[in-house]
Protein chains: 2
Amino acid sequence: MNIEALSLTPIALVDPPLLNAGGLHAPYALRIVLELVTESGLTGISEIPGDIDVLEGLRRAAPALRGKSVFDQRALAGVLTAVLGRDEPGARGDKPWDRRRLVHAESALEVACLDVIGHRLGCRVADLLGGPVRQRVPYAGYLFFKYEGAGGPLGFDVDAEATGWARARQAAALDADGLVRQARAMIDAFGFASLKVKAGILEPDVEVEATLALRETFGPDLPLRIDPNAAWSYDTAVRQGERLKGTIEYYEDPVRGQEAMARLRTELGIPLATNMCTTCFEDLPSSLALGSEDIILADHHFWGGLRASMELARLCKVFGRALTMHSNSHAGISFAAMTHLAAALPELTHAFDTHYPWQSDEIVVGGRLPIRDGYLTLPDGPGLGVSLDREALERARLAYERSGLLRRDDEIEMQKKQPGWRFMKTRY
Amino acid sequence: MNIEALSLTPIALVDPPLLNAGGLHAPYALRIVLELVTESGLTGISEIPGDIDVLEGLRRAAPALRGKSVFDQRALAGVLTAVLGRDEPGARGDKPWDRRRLVHAESALEVACLDVIGHRLGCRVADLLGGPVRQRVPYAGYLFFKYEGAGGPLGFDVDAEATGWARARQAAALDADGLVRQARAMIDAFGFASLKVKAGILEPDVEVEATLALRETFGPDLPLRIDPNAAWSYDTAVRQGERLKGTIEYYEDPVRGQEAMARLRTELGIPLATNMCTTCFEDLPSSLALGSEDIILADHHFWGGLRASMELARLCKVFGRALTMHSNSHAGISFAAMTHLAAALPELTHAFDTHYPWQSDEIVVGGRLPIRDGYLTLPDGPGLGVSLDREALERARLAYERSGLLRRDDEIEMQKKQPGWRFMKTRY
């Protein structure tokens, strides 16, 4: 089953002005949709974060991928490596999101191959990963401090007619009260049974007080996580960690680098999680030697695909790490892929992250995937179980063209609100 | 694609009186052939070491496996675990071969599932493992000290008419001259470009002198390995290791246990390999902490299948271990499976082990798989690329029935030559 053609569509999804250590989300989140067509006419799809460099790399690689077998991941990865080059150490960058190119391209191609293999076989991607252990996957509600606004053409404006979560999605949340209101609306709409607080941007005291207010409001049965994206100094992380001790399920990337994480982990004695200090297979030996975290937030977009994520799961099991999932703003294709992975993981101890409630657009047939009681049900096969809505895709493509955005840059967006604002590796 | 039926056929393959730390090979090597038929009538096959306990376990599990999806490895493993029980720590046993039950059953089922999936897709098992990196797989010539005899109905008798390797296969080899003659005939017949000496049974001086004689005869360009199967004391291993230093590619299980291996590895500074001290995923953390070996001889029959072996390969790459393949006496189904795995391994730095030249029977259509210039070419798909020769299978099944053997017991066989001989964990 050989590749006949690859089609790459950059799209833009409406995204609200969410605050994070890197700055502020632009009015659109960028994604790339890959469609793979085999010589026999079957189609597989996938979705990755949008970045003009990855997009151009995949476009340059497409001719050399033609005629290659969808089964031959090694050969496909070889072509991508030859065209895009290896991701050098440090290529991830210091910001919350991952800037590596090759891993994104590998993920795009691998997921589309698995989707098309699933179509050929009439089985689900989760079956190709060893079979689903669960039919429903728990996700966490992902809370953000934010400015008022819905993103997209509305920008910082709001639609005063909106109600429920649609209204809360537009509302400002810049303190404990705002975050609690956001959480309540999100739980009402989606039923999440755990919550994550994106931190690292406001004063740490404000962020931690908001987290403690969530505990006060929702009680001890709702696991809470907080993620300052390594923007806190060691001393700040210790001080705030002491306040959070006993309250949080895990403390995600409070400080930067495996050494500091390991030291903090020993000092505080609370579970640490990361998607910033242990982000690739090459990071694992030092992670184990140092003991830098308890939980790895993997992401199949960054770890080279779904099969590599299953290998990571084995590694985590062997070496006593828990594995869960990091999220970027995404549409239904990635949501389905994450859910197939989660379904196939032998052990799933923490609800996956997802930005999905923050998006309102959708590009898959049937529209928004329904999160109920905090769970997404594994889509029925074949493949990923989702297919492209051509009209919606075209709308999202036009939004990309009109947006003028080429890659994520939360610093520029933040400067529109706070002139002169600069990203800092350690802010507090 | 669900399982309709499983068929299990115990077979016996003629095997010569080969010496090893566990004693002496019986006149027949036992295997179990598993045939899996799907509801749609496709067939997948696999082969594992023969042991009445595993055979009966698989037979008990068969009814509960019916109707299960061939994709759903987790569910299939769950059924096997429920029926056979977990392999407890220590279940491997102290002898050169692995006595665990569940891992064998998992391997049997997984390989047959991959074979049938390959048939359905029209692709090779290597494709399902990520795609072949190489089309030809290097194997090492596996030398044994042995008594005169061909095994099978001939027992310790010989066929005086035989020539070439067929003659050498019958000849005694109890010293350096005998082993060099055996090596020369094996290389002439199969073209092996590396050699392994099975040790741990004769006086260590005899075994090491034979190894040094191989170097003398074949020169430094032919990598040599020696495997005393942990039958040597630490002092013996140090003394003989000093003699072998600079001569051998690796020193396989000279001593017993990860601690002794790690100490010896530091003391000698030569590469150590194992299939006895690090034999399952649970062994890996202490292996890494201690540094017990450089090379893991995996075996998909013992590590839970081919996909688990690929996961092990990732682990080995991350943690600086080389990965190669252990062998038991086997027929063409296992030979094909080993070759698909080797073809798909991203890195292959050492020729795989194989007992294959010692067998003369074959149960696959077309008869003996040809080893040329030390390589086996990856069988063309679909699946494993081999299918059962029904007549040959029936002959091997009848040989099993006539043999009266139920499991491997090299101690009993050895006692026929040396009354009162007993297996010893450390002999020299």
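1. Interface extent. The contact (heavy atoms within 4.5 Å) between the two chains of this predicted model takes 28 residues from chain A and 29 residues from chain B. Together the chains bury about 2,500 Å², and 61% of that lies on carbon and sulfur atoms. Buried area here is the accessible area (1.4 Å probe) that two parts lose on being put together, summed over both. The size of an interface is often given in this way, as accessible area lost when the parts come together.

2. Conventions. The model is predicted, so local features need pLDDT of at least 70 and side-chain atom pairs count only at pLDDT 80 or more, while totals for chains, interfaces and linings use all residues. Residues are numbered from 1 along each chain as its sequence is written, chains are lettered from A and ligands numbered from 1 in the order in which they are written, and side-chain values use heavy atoms, with hydrogens and water left out.

3. Two salt bridges are counted between chain B and chain A, a salt bridge being a side-chain nitrogen of Lys or Arg within 4 Å of a carboxyl oxygen of Asp or Glu. In a salt bridge between Arg314(B) and Glu311(A), the N to O distance is 2.5 Å.

4. Chain B side. At least two residues each come from helices H2 (73-84), H3 (102-121), H4 (125-128), H10 (284-290) and H11 (306-318) of chain B. Helices (H or I, at least four residues) and strands (E, at least two) are DSSP runs, numbered from the N terminus. H11(B) gives the largest share of the side of chain B that touches chain A, seven residues. By class, that side holds 19 nonpolar, seven charged and three polar residues; Ala, Val, Leu, Ile, Met, Phe, Trp, Tyr, Cys and Pro count as nonpolar, Asp, Glu, Lys and Arg as charged, and the others, Gly among them, as polar.

5. Strand E1 of chain B. Nine of the twelve residues of E1(B) (residues 3-14) are buried, so this strand is largely enclosed by the rest of the structure. Buried means under 20% relative accessible area, exposed over 50%, partly exposed in between (1.4 Å probe, protein chains only). E1(B) pairs with E4(B) (residues 28-38) in the antiparallel sense over eleven bridges; pairing requires that DSSP finds at least two bridges between the strands. Leu30(B) in E4(B) is the bridge partner of Ala12(B).

6. Lys68(B). This residue sits in the loop between H1 (52-65) and H2 of chain B and is partly exposed, at 29% relative accessible area. Lys68(B) and Ile3(B) lie 65 residues apart in sequence but 5.6 Å apart in space, C-alpha to C-alpha. Beyond its neighbours within four places in sequence, Lys68(B) contacts residues including Met1(B), Asn2(B) and Val79(B).

7. Backbone points to check. Most residues other than glycine have a negative phi, and most peptide bonds are trans. Ala230(A) has a positive phi of about 65 degrees and is buried, with a relative accessible area of 1%. Phi of Asp373(A) is near 55 degrees, and Asp373(A) is exposed at 55% relative accessibility. Cis peptide bonds join Gly381(A) to Pro382(A) and Gly381(B) to Pro382(B), with omega about 0 degrees.
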